[in-house]
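Subject: The structure, and what turned up in it

Hi,

Here is the structure for you to open on your side. Have a look at it first, and then read on for what I found.

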Amino acid sequence: MFEMQDNEEFKLVIHRKKRTSFARKCCDSTVTLPVVVVDNDDDDDDDDEDNGSNFNINHETLSGMILEAEVELKNSSFADNVFYSLGDSLNALRLDGISEILCYGLGHFSSCRSSKYQLALLLSLKKYYNSRVYVYDPVFYSHEIELLKRFDCNVIEINEEGKRIVQDSVTLIYMPHCSIYLTNNFLYTNWSKRLNKCILLTNSFSIVTDNLTKANKSVSLDYVLRIRPYVTEIPLRNNFIYKDVFSDLNIHIFLEENINAIPQSFWNKRDEPCYRGAEIHYLTAKQTEQIDAKNCCTEDET
């Protein structure tokens, strides 16, 4: 639950006694994991990935790896923290569930450990809340797209640059380690009071924007900076076994009383973001089209 402190900020109080109930509700004990043989990457650089999408993939083996990661994640204290914090967030928002999950930036989960566990969290959230999932990353390999569809995820087909309009249903926006500029794009597209139906599970607003402000690089992040005073940020304790997987990932909500206190003129100022000269750290729609065109030419030549 949330407790009000003397400085009128919200503090999240986490209760740990019912850890097993969350794991049991999320985890289907009837799932039989296939026997898989994989390289132990504990001592490897997490960013070491295969350099292409044409290497041989056994879909059953890859599926088994993801399911094993999901079980490992759901039995962790970090998962408890996420689910309890989301539950308290929904109570504070007077909402009773999450209808949709919008996910950007998973990366190559077939070859990158961080991406694999980030997908495992997405699948756990999907099962627990029985949510529709929409997912996109311009770097997905074809076999990763196929596997996501097998997991009943809707793969977005075009690069929207984070500019997807959410409907009136409660939506969790999950962007692990994504560019803050994608978050800015999302806020711009949904710049209205309906943000109080959105929960952002993203890199910490406070950490990212403070760092950018100190570096004098925040001028183009207008929407993140403008909404920040009205955001309640719930820190997540980074106690997963692999510290780099969910580092700086926090929950951000927009309480109704804060949203309703904002004058209409605040929402009326809504110019499309311009990032000229900024290092935005994501592939634009134009860059994605150029890569796709190049790949098509390569396939035609072969």
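Let me start with a histidine. Histidine 252 sits in strand 9, residues 249–253 (helices, H or I and at least four residues, and strands, E and at least two, are DSSP runs numbered from the N terminus). Histidine 252 counts as buried because its relative accessibility is 0% (buried is under 20% relative accessible area, exposed over 50%, partly exposed in between, with a 1.4 Å probe and protein chains only). Its side chain reaches the backbone nitrogen of phenylalanine 205 at 3.0 Å (a polar contact is a pair of N or O atoms within 3.5 Å; within protein, one must be able to donate a hydrogen and the other to accept it, and residues adjacent in sequence count only if both atoms are side-chain atoms). Setting aside neighbours within four places in sequence, the contacts of histidine 252 include Leu200, Ser204, Phe205, Val231 and Glu233 (contact means heavy atoms within 4.5 Å).

Before going further, some ground rules: this is a predicted model, where local features need pLDDT of at least 70 and side-chain atom pairs count only at pLDDT 80 or more, while totals for chains, interfaces and linings use all residues. Residues are numbered from 1 along each chain as its sequence is written, and side-chain values use heavy atoms, with hydrogens and water left out.

The overall picture

The protein chain has eleven helices and nine strands, and buried residues account for 50% of its 302 residues. Of the contacts between residues at least 6 apart in sequence, 80% join residues at least 24 apart.

Seven strands make an open sheet with mixed pairing, in the order 5-4-3-6-7-9-8 (two strands pair if DSSP finds at least two bridges between them). Strand 5 (154–155) and strand 8 (232–235) are the edges; each has a single partner strand, so one side of each lacks a neighbour in the sheet. Helix 7 packs on the sheet and touches strand 7, strand 8 and strand 9, its direction making about 55° with that of strand 7 (axes are lines fitted to C-alpha atoms, for helices over the stretch in contact, and angles run from 0 to 180 degrees between N-to-C directions).

Strand 6 pairs with strand 3 (residues 100–104) in the parallel sense over four bridges, with glutamate 100 opposite threonine 171 and leucine 102 opposite isoleucine 173. Strand 6 also runs parallel to strand 7 (residues 198–203), joined by five bridges, and there isoleucine 173 has leucine 200 as its bridge partner. From strand 6 the chain goes through helix 6 (residues 180–189) to strand 7 in a right-handed β-α-β crossover (right-handed if, with the strands pointing away from the viewer, the path from the first strand over the helix to the second runs clockwise).

Helix 6 itself

Ten of the ten residues of helix 6 are buried, so the rest of the structure largely encloses it. Those residues pack against strand 3, strand 6, strand 7, helix 7 (205–214) and helix 8 (222–227). Serine 179 caps the N-terminal end of helix 6, with a side-chain oxygen 3.1 Å from the backbone nitrogen of tyrosine 181.

The cores

The largest nonpolar core has 49 residues, and Leu121, Leu125, Tyr174, Leu201 and Phe246 have the most contacts inside it (a nonpolar core is a set of buried Ala, Val, Leu, Ile, Met, Phe, Trp, Tyr and Cys residues joined through side-chain atoms within 4.5 Å). Helix 4 (residues 113–129) gives the most to this core, with eight residues. A second, separate core of 34 residues includes Val166, Ile173, Cys178 and Phe186.

Lysine 126, in helix 4, is buried, with a relative accessible area of 14%. Beyond residues up to four places away in sequence, lysine 126 touches Ile101, Ser131, Val133, Phe151, Asp152 and Cys153. Serine 63, in helix 2 (residues 59–74), is buried too, at 12% relative accessible area.

Cheers
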